[in-house]
Amino acid sequence: MEFPGIILDTSTIIQIQKPARNILYDMLIVGAGPAAMSAAVYAARKMINLAILTIDFGGLMNETTEIENYLGFQNINARDLVSRFEEHVKSFEIPANYGVPVKEIKKKDDFFSVFLEDGTVYSGRTVIFTTGERHRELRVPGGRDFVGKGISYCATCDAPLFRDKKVIIIGGGNSAFTTALDLIRVNAEIILVNLMKEWQADEILKQRVKKYEKIHFLDNHEIIRIEGKDKVESCIIKNRDTGEEKRIDIDAIFIEIGLLPNSAPVKNLVELNEEGEVIVDCLCRTSVRGLFSAGDVTSVPYKQIIISAGEGAKAALSAYDYLVRTSLI
Ligand SMILES: Cc1cc2nc3c(=O)[nH]c(=O)nc-3n(C[C@H](O)[C@H](O)[C@H](O)COP(=O)(O)OP(=O)(O)OC[C@H]3O[C@@H](n4cnc5c(N)ncnc54)[C@H](O)[C@@H]3O)c2cc1C
């Protein structure tokens with residue numbers, strides 16, 4: 001979808017100034033999904049001296065096609081929404097280090113050191129940690145061998161490769177049904193396989209997907225092996241009630257079986273819950289003073305763009321309050 005009068009240029013944000021290593025920033029934002037970008041806008045408007053450290057811009061939004069539940073847009077292409085977020089952040093000229101993951105965050109006295117995978121270290125008085133989630137892997141024989149050779153975790157990226165082909169989608173939630181919509185667009189024959197008896201996706205998505213003629217639903221089934229020579233050719237599927245196993249010839253398998261929080265950089269620093277999510281209170285405070293967290297990586301339920309953006313704004317305001325109250329700015 002085009003927006004008259006707005007130039008959506010995603011390349012320019014990558015060229016923005018890099019953060020300086022010898023500066024003590026008031027705030028370091030880790031990640032650049034909706035939580036981080038919202039935090040950045042709120043912090044920049046408070047004139048906080050900040051920098052962004054991230055692998056990419058957009059986070060999980062880069063993996064979907066259409067967004068229909070972000071207030072103000074009945075339907076917007078996900079890349080366009082990311083571009084709009086980027087444009088907004090870019091207007092504040094915030095320095096950003098792009099492409100290198102943060103490895104670990106440590107705190108000494110009142111200061112944080114953020115260590116990147118390439119050995120670079122940045123220092124900050126506060127950190128807003130917003131690293132989101134990653135896909136849960138399918139752990140069956142063949143599950144690792146064929147990633148990129150018929151096994152995909154990203155329908156937005158890979159659905160066009162399987163036009164008119166026969167594919168399996170594993171999962172029963174919103175992501176599985178959104179993946180189905182991407183594959184319907186390329187006229188694939190789809191088998192949706194769910195471990196559970198219930199399909200957990202939103203009713204509106206279920207209704208839309210069920211209209212498609214070339215889709216089959218297999219609940220209470222699991223994939224136990226993926227086979228092929230150089231790429232996926234078939235899989236063995238098991239009925240969890242009867243134990244019956246059968247082989248299905250297939251061109252691709254899309255895996256949508258949930259997400260895991262990217263909390264490793266803070267696992268030795270803050271309190272995590274059993275799922276590995278960063279525990280936050282209603283002000284986005286973690287168990288460590290000065291370290292705030294927002295979005296999908298946290299214990300806040302309902303992982304959605306609008307929720308991450310709202311939490312990101314809250315984290316920035318909370319961090320600002322902390323800086324002011326502790327007379328750090
Ligand atoms: C297929 C799919 C479809 C979806 N559809 C919708 C939808 O229609 N509507 C909706 O509201 N939500 C949807 N979602 C959910 C939505 O995308 C997420 O809730 C949202 O993106 C979370 O925002 P976030 O900022 O918390 O994390 P993310 O978007 O995951 O961003 C995390 C950021 O952290 C960075 N990062 C991660 N690890 C590190 C590290 N070690 N060092 C530095 N940076 C790091 C990443 O590069 C990224 O920039 C969908 C998700 C998926 C997977």
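Helices (H or I, at least four residues) and strands (E, at least two) are DSSP runs, numbered from the N terminus. I also note that residues are numbered from 1 along each chain as its sequence is written. This is a predicted model, where local features need pLDDT of at least 70 and side-chain atom pairs count only at pLDDT 80 or more, while totals for chains, interfaces and linings use all residues; side-chain values use heavy atoms, with hydrogens and water left out.

**Entry 1: positive phi**

I started with Asn187, which I found in the loop between α4 (174–184) and β12 (189–193). Its phi is near 60 degrees, a positive value in a residue other than glycine. I wrote down the background: most residues other than glycine have a negative phi.

Asn220 also has a positive phi, about 55 degrees, and is not a glycine either. I located Asn220 in the loop between β13 (215–218) and β14 (221–228).

Are these two asparagines buried or exposed? The scale I use is relative accessible area with a 1.4 Å probe and protein chains only: buried is under 20%, exposed is over 50%, and partly exposed is in between. Asn187 comes out partly exposed at 33%, whereas Asn220 is buried at 9%.

**Entry 2: cysteines**

How many disulfides does a search of the whole structure find? It finds one, taking a disulfide as a pair of cysteine sulfur atoms within 2.5 Å. The partners are Cys154 and Cys157, with their sulfur atoms 2.1 Å apart. I read 75 degrees about the S-S bond, and the link of Cys154 and Cys157 is right-handed.

I then checked Cys284, which is in no disulfide; its nearest cysteine sulfur belongs to Cys282 and is 8.5 Å away. Cys284 is buried, with a relative accessible area of 0%. Cys235 is buried as well, at 0% relative accessibility.

**Entry 3: Ser263**

I found Ser263 in the loop between β18 (259–261) and β19 (291–293). At 6% relative accessibility, Ser263 counts as buried.

What does Ser263 touch, leaving out residues up to four places away in sequence? I get Phe129, Leu272, Gly276, Val278 and Val297, with contact meaning heavy atoms within 4.5 Å. Gly276 turns up again here: its backbone oxygen lies 2.6 Å from a polar atom of the Ser263 side chain.

**Entry 4: the ligand**

Next I listed distances to ligand oxygen atoms. A backbone N or O atom of Asp296 lies 2.8 Å from one, and a backbone N or O atom of Ala32 lies 3.0 Å from one. For Ser308, a polar side-chain atom lies 3.1 Å from a ligand oxygen atom.

How much of the ligand does the protein cover? I have 91% of the 1,000 Å² of accessible area that the ligand has on its own, by the Shrake-Rupley method with a 1.4 Å probe.

Key
Polar contact = N/O pair within 3.5 Å; in protein donor to acceptor, adjacent residues only side chain to side chain.
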